[in-house]
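Have the viewer open and follow along.

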Amino acid sequence: MRTLKSTPAADGFRMPAEFEAQAGCWMLWPQRPDNWRREAAPAQAAFAAVAAAIARFEPVSVGVSRARLTEARSMLPAAARLVVLGSDDAWMRDVGPTFVVDTHGQRRGVDWRFNAWGGKCGGLYSSWRRDDRVARRVLALEGADRYRAPLVMEGGAIHVDGEGTCLTTEECLLNPNRNPHLTREQVQRHLCDYLGVSTVIWLGRGVYKDETDGHIDELCCFVRPGEVLLTWTDDRADPQYDISREALERLQQARDARGRRLQVHKLIQPGPLTMTREEADGIRQLAGSHPRRAGDRLPASYINFLIVNGGLIAPLLDPRRDGAALATLRRVFPDRQVVGVPAREILLGGGGIHCITQQVPAMQRC
Ligand code: KQY
């Protein structure tokens with residue numbers, strides 16, 4: 001693996017959309033007792049179910065600390081490849097590389113700077129040294145050259161359409177706890193250079209109470225070029241209403257990189273959901289880690305699904321809303337098999353199925 005001094009855009013690389021062909025997917029194994037309740041056992045079962053669902057469609061690799069190899073092997077599907085890989089937590093979307101491809105069959109990766117979603121100003125844990133090394137390790141294992149981007153960012157903060165457009169939020173990428181020395185124009189320039197896009201569509205705030213400072217991957221994503229899905233509630237009294245309403249207005253005014261207006265599909269939000277007393281009591285509250293309390297509103301969203309080859313792995317979060325959400329997903333993705341996987345245990349840790357996975361795009365020759 002070489003570390004390159006140029007940028008993906010300058011070298012003719014771009015980040016493919018998630019709905020383009022994939023070579024596989026990466027995950028990490030959860031174990032932090034201050035983020036996952038009951039020593040992470042229920043979260044591990046949920047991660048294993050996600051890995052099993054992905055394995056129905058494409059290869060899945062899981063990074064595991066050496067100490068937890070036996071445990072992970074006993075819970076993960078036989079098809080999952082296990083790799084010894086240290087990390088501080090298990091959010092592969094955010095600590096893994098963002099893969100980019102060119103048209104000559106090459107694949108490389110972008111290694112963003114990671115500060116645990118805010119560093120000393122709102123970060124979710126006090127040491128993130130191992131997390132910041134994950135992308136480099138994955139790229140070495142994939143045999144892919146690496147770009148080290150001069151931007152504090154996480155994979156969950158961006159979505160692309162593969163045709164030159166990036167979606168993100170101001171709440172996250174313009175947050176002073178990420179890149180206080182950079183202007184909006186400079187952040188946008190880095191996105192264009194490292195994702196190979198030419199247009200950035202900025203939404204405002206992310207999902208209510210999202211501890212990542214409003215990742216786009218809870219709020220809105222591309223279905224295909226020219227079409228997006230937006231988390232939605234019709235309840236004007238819910239704080240999410242104004243957030244989604246404002247996002248809708250911006251999306252309706254936006255043009256993508258090809259000059260198209262966007263068609264916006266609404267996806268009902270779960271709940272609102274909150275953490276129960278029993279769930280909060282199962283988490284070891286340690287100094288320096290993010291406090292989790294009974295009654296906390298959870299950043300629940302059905303947008304946090306993963307697209308895989310021929311399929312879509314969707315979070316099941318609320319029996320009163322899961323059916324409607326799956327019906328919408330099947331309508332807007334008619335050519336994919338939509339598989340629901342229970343995801344509350346992942347949500348209790350602050351994210352969803354998209355947050356714990358990172359797709360590896362197929363190499364392309366055209
Ligand atoms: O939204 C994501 N991509 C990750 C969520 C991370 C939550 C950390 N507790």
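How many of the six residues of strand β15 (residues 311-316) are buried? Five of them are, so to speak, under cover: the strand is mostly covered. Please keep in mind that this is a predicted model.

**Pairing with β14**
- On one side, β15 pairs with strand β14 (residues 306-308) in the antiparallel sense, over three bridges.
- Within this pairing, Gly311 of β15 has Val308 standing opposite.
- The β14-β15 hairpin has two residues between its strands, and Gly310 there takes a positive phi near 80°.

**Pairing with β16**
- Strand β16 (residues 337-342) runs parallel to β15, and six bridges join the two.
- Gly311 turns up here as well: Gln337 is its bridge partner in β16.
- To get from β15 to β16 the chain passes through helix α10 (residues 322-332), making a right-handed β-α-β crossover.

**The nonpolar cores**
- The largest nonpolar core counts 96 residues, and Leu229 and Ile313 have the most contacts inside it.
- Helix α1 (residues 41-55) gives the most to this core, contributing eight residues.
- Leaving aside residues up to four places away in sequence, Ile313 touches Ala53, Ile54, Phe57, Phe305, Leu306, Val308, Val339, Val341 and Ile353.
- There is also a second, separate core of 25 residues; among its members are Ala149, Val160, Cys172 and Tyr194.

Definitions and conventions
Residues are numbered from 1 along each chain as its sequence is written. This is a predicted model: local features need pLDDT of at least 70, side-chain atom pairs count only at pLDDT 80 or more; totals for chains, interfaces and linings use all residues. Side-chain values use heavy atoms; hydrogens and water are left out. Buried means under 20% relative accessible area, exposed over 50%, partly exposed in between (1.4 Å probe, protein chains only). Helices (H or I, at least four residues) and strands (E, at least two) are DSSP runs, numbered from the N terminus. Two strands pair if DSSP finds at least two bridges between them. A crossover is right-handed if, with the strands pointing away from the viewer, the path from the first strand over the helix to the second runs clockwise. A nonpolar core is a set of buried Ala, Val, Leu, Ile, Met, Phe, Trp, Tyr and Cys residues joined through side-chain atoms within 4.5 Å. Contact means heavy atoms within 4.5 Å.
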